[in-house]
Structures are given as C-alpha cells and as structure tokens.
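Please walk through the model below one region at a time, keeping the sequence and the coordinates side by side.

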Amino acid sequence: MIPLSDVWRIMEDYLYFIHKSFKVNILAFVLMPNHFHLIIQTPEENLSEAMNYFMRETSRQIGQQANRINHVYGGRFHRTLITSDQYFRHAYKYVYRNPVRAGLCKHVWEYPFSTLGGILG
C-alpha cells in the first residue's frame, strides 16, 4: 500500500498526459481511498482508448511503487453518457461532494485529492 498522496501524483501525471495525447478534457476528478470519479469530455470519441491507457499505466505505476503483483483495479471503468445540462450539474456536484459524504472532509474545497483546488485557485 502506498500513501494516497503518492497515488494522487501518479493520477495527476497521467490525467495531464491523456489530456494532451488523447485530446480529452478533464472536467472533474476526485481520488477516493478505494476508487476515483472522473468526468471527461472526449471530442474525438476516444474514451475507451484514453481510459484503457490511463487505467493500464496508473495501475502499472501504483503496482511498482507498492511492490504489488496483483491487480490494482477491480475491473474495467464504468461509464455513463451525460446527456443534459441538468444531469451534468448533478454529476459534477456528486463527484466533488463524494469526499464530504464519505466523511473525509467537512467542505469540498478542503479535500486535497481533487481537481477542484485547481479550478478554485
């Protein structure tokens, strides 16, 4: 097991990489102790390719740092198509409020493993 802060650094690096290499837009990301939430926009309709790369490479890096030989993730990613502005607003709030609901912080802006800090400055 490695510290969540180390996992966060790995995730940040690969989120940046897929943003640049796969031309995806990262709209929201929150790393929880046992999973993550991601809202991503894929103008080139390459979600599977971007996520397969992200999951494979983050798994490899986390596994190496933790000296693990078993799987890091329980399975493939789960996706849901956001089809309306209302649904997007609901999903966006859900992602960022997840650490509060889990009791990891009192306010969404306090959680360190979230892209919200970069948005708020």
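In which loop is the place of N34? N34 sits in the loop between β1 (25–31) and β2 (36–41), where helices (H or I, at least four residues) and strands (E, at least two) are DSSP runs numbered from the N terminus. The model is a predicted one, in which local features need pLDDT of at least 70 and side-chain atom pairs count only at pLDDT 80 or more, while totals for chains, interfaces and linings use all residues. Residues are numbered from 1 along each chain as its sequence is written, and side-chain values use heavy atoms, with hydrogens and water left out.

N34 counts as exposed because its relative accessibility is 66%; on this scale buried means under 20% relative accessible area, exposed over 50%, and partly exposed in between, with a 1.4 Å probe and protein chains only. The C-alpha atom of N34 is separated by 9.6 Å from that of L4, although the two residues are 30 residues apart along the chain.

The packing of two helices comes next. Two packed helices are described by the angle between their axes and the distance between the axes. The axes of helix α1 (residues 4–21) and helix α2 (residues 47–66) come within 10 Å and cross at roughly 150 degrees; these axes are lines fitted to C-alpha atoms, for helices over the stretch in contact, and the angles run from 0 to 180 degrees between N-to-C directions. The helices α1 and α2 are therefore roughly antiparallel to each other, given that angles under 35 degrees count as roughly parallel, over 145 as roughly antiparallel, 65 to 115 as roughly perpendicular and the rest as oblique. The crossing of α1 and α2 is right-handed, a term used if the near helix is turned clockwise from the far one by less than a right angle, with anticlockwise giving left-handed.

On the α1 side, D6, V7, I10, M11, Y14, L15, F17 and I18 meet residues of α2 that include A50, Y53, F54 and E57, contact meaning heavy atoms within 4.5 Å. The residues of this contact of α1 with α2 divide into 11 nonpolar, three polar and three charged, where Ala, Val, Leu, Ile, Met, Phe, Trp, Tyr, Cys and Pro count as nonpolar, Asp, Glu, Lys and Arg as charged, and the others, Gly among them, as polar. Q61, which lies in helix α2, touches I10 and Y14 when residues up to four places away in sequence are not counted. The C-alpha atoms of Q61 and I39 are separated by 22 Å, the two being 22 residues apart along the chain.

H19 has its place in helix α1 and is partly exposed, with a relative accessible area of 30%. Leaving out residues up to four places away in sequence, H19 touches V24, N25 and I26, and its C-alpha atom is separated by 9.4 Å from that of I40, 21 residues apart along the chain.

A search of the whole structure finds 11 aromatic pairs, rings of Phe, Tyr and Trp (its six-membered ring) being paired if their centres lie within 6.5 Å, with planes under 30 degrees apart counted as stacked, over 60 as edge-to-face and the rest as tilted. Y111 and F113 form an edge-to-face pair, with 5.6 Å centre to centre and 85 degrees between the planes, and both Y111 and F113 are buried. Ring pairs link W8, F29, F36, F54, Y111 and F113 into a cluster.

Leaving aside neighbours within four places in sequence, L104 is in contact with M32, P33, P99 and Y111. L104 and P33 are 71 residues apart in sequence and 9.5 Å apart in space, C-alpha to C-alpha, and L104 counts as partly exposed at 40% relative accessibility. M32 is also among the contacts of N98, together with H35 and H37, again leaving aside neighbours within four places in sequence. N98 is found in helix α3 (residues 85–101) and counts as buried because its relative accessibility is 9%.

Finally, consider the backbone. Most residues other than glycine have a negative phi, and most peptide bonds are trans. K23, in the loop between α1 and β1, has a positive phi near 55 degrees and counts as partly exposed at 49% relative accessibility. E45, found in the loop between β2 and α2, has a positive phi near 55 degrees and is exposed, with a relative accessible area of 73%.
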